[in-house]
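Biologist: Could you take me through this structure step by step? I would like to begin with the overall picture and then turn to the details.

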Amino acid sequence: MTHLPRAMLIDMDDTILSAYGRPEIAWHNVASEFAAEFGPLTSQQVAAAVLDSARKFWAVAEAEWRLKLDEARRVTVRNGFVTLAESGHVLAEDLAIRLADRFTAYREEEMFVFPGAHDAIDALKARGIKLALVTNGAAGAQRAKVERFALSHRFDHIQIEGEHGFGKPDERAYLHAMQALGVTAPETWMIGDNLEWEVVAPQRLGIYAIWIDVHGDGLPPDSTVKPDRIIRSLTELLPREPA
């Protein structure tokens, strides 16, 4: 597809903002701040236990947990500490809470808009493309990011899971956004970093699905998902000007 569509549905976290990507780096950085409290354990060992716990938790977690990330992080750290205790290394409950809460604060501190994202969105809007920001997550936290990173005026429709009562990959998330923009699926592109939420589910509705692979990792080796297009930056959505 070489021409631009009438509308685009764009994800926020790790599409416009560097938000939750590379959790292994974030957990190792945060754990290193608490190294002196881990006794004989290294911060790397604690971070590894928490990461393993988090992967297991989110693999089966219900959608409601997306609306209470702070609590989810406390649960995953506690579960990681339980695993460490089973191998003979007991860490205090209050340490689990402090570690989890520091991770939440760290993520907020490190968040930023990807280079070129604002300019790309502005250029698309200037071309008359209808734009919807479609993001999962809690109302308060996500709305705060929309305001903090100057996104509100850049979109014709802002759709936050916690405000609307449904989120991706629920069909209603895409259908409601398209209805708000007054467009149909064949006229719409979906752009985001989550293969299920921004590729598989939209494709079922006939939406052209673009996967953003910011870090250039490529599709997982065992993935059967086939994005209609893969980009590394929102700037790639703009047609190239003739030389």
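Modeller: The following conversation goes from the whole chain to its sheet and then to its helices. Please keep in mind that this is a predicted model.

Biologist: How many helices and strands are there in the chain?

Modeller: The chain has nine helices and eight strands.

Biologist: What is its radius of gyration, and what would a compact globule have?

Modeller: The chain has a radius of gyration of 20 Å. A compact globule with 243 residues would have one near 18 Å, so the value agrees. Along the principal axes, the C-alpha atoms fill a box of roughly 60 × 40 × 35 Å.

Biologist: Now the sheet. In what order do the strands come?

Modeller: Six strands form an open sheet, in the order E5-E4-E1-E6-E7-E8, and their pairing is parallel. Strands E5 (157–160) and E8 (229–231) stand at the edges. Each of these two has a single partner strand, so one of its sides is left without a neighbour in the sheet. On average, neighbouring strands are turned by 20 degrees against each other, direction ignored.

Biologist: What holds paired strands together in general?

Modeller: Strands of a sheet pair through backbone hydrogen bonds, either parallel or antiparallel.

Biologist: And how many bridges join E4 to E5?

Modeller: Four bridges join strand E4 (residues 130–135) to E5, and the two run parallel. As one example, Ala132 has His157 in E5 as its bridge partner.

Biologist: Which helix lies across E4 and E5?

Modeller: That is helix H6 (residues 139–148), which runs at about 150 degrees to E5. Helix H8 (residues 171–181) also packs on the sheet, where it touches E1 (7–10), E4, E5 and E6 (188–192). The direction of H8 makes about 160 degrees with that of E5.

Biologist: Let us change topic. At what angle do H1 and H4 pack?

Modeller: Helix H1 (residues 23–33) and helix H4 (residues 93–110) pack at about 125 degrees, with their axes 10 Å apart. The two are therefore oblique to each other, and H1 passes H4 in a right-handed crossing. Among the contact residues are Trp27 and Val30 of H1 and Phe103 and Tyr106 of H4. By class, this contact has nine nonpolar, one polar and three charged residues.

Biologist: What about H1 and H2?

Modeller: The axes of H1 and helix H2 (residues 43–60) cross at roughly 135 degrees and come within 9 Å. The crossing is right-handed, and H1 and H2 are therefore oblique to each other. Residues including Trp27 and His28 in H1 meet residues including Ala47 and Leu51 in H2. This contact divides into six nonpolar, four polar and one charged residue.

How values were computed:
Residues are numbered from 1 along each chain as its sequence is written. This is a predicted model: local features need pLDDT of at least 70, side-chain atom pairs count only at pLDDT 80 or more; totals for chains, interfaces and linings use all residues. Side-chain values use heavy atoms; hydrogens and water are left out. Axes are lines fitted to C-alpha atoms, for helices over the stretch in contact, and angles run from 0 to 180 degrees between N-to-C directions. Angles under 35 degrees count as roughly parallel, over 145 as roughly antiparallel, 65 to 115 as roughly perpendicular and the rest as oblique. A crossing is left-handed if the near helix is turned anticlockwise from the far one by less than a right angle, and right-handed if clockwise. Contact means heavy atoms within 4.5 Å. Ala, Val, Leu, Ile, Met, Phe, Trp, Tyr, Cys and Pro count as nonpolar, Asp, Glu, Lys and Arg as charged, and the others, Gly among them, as polar. Two strands pair if DSSP finds at least two bridges between them. The radius of gyration is taken over C-alpha atoms; the globule rule is 2.2 Å times the number of residues to the power 0.38.
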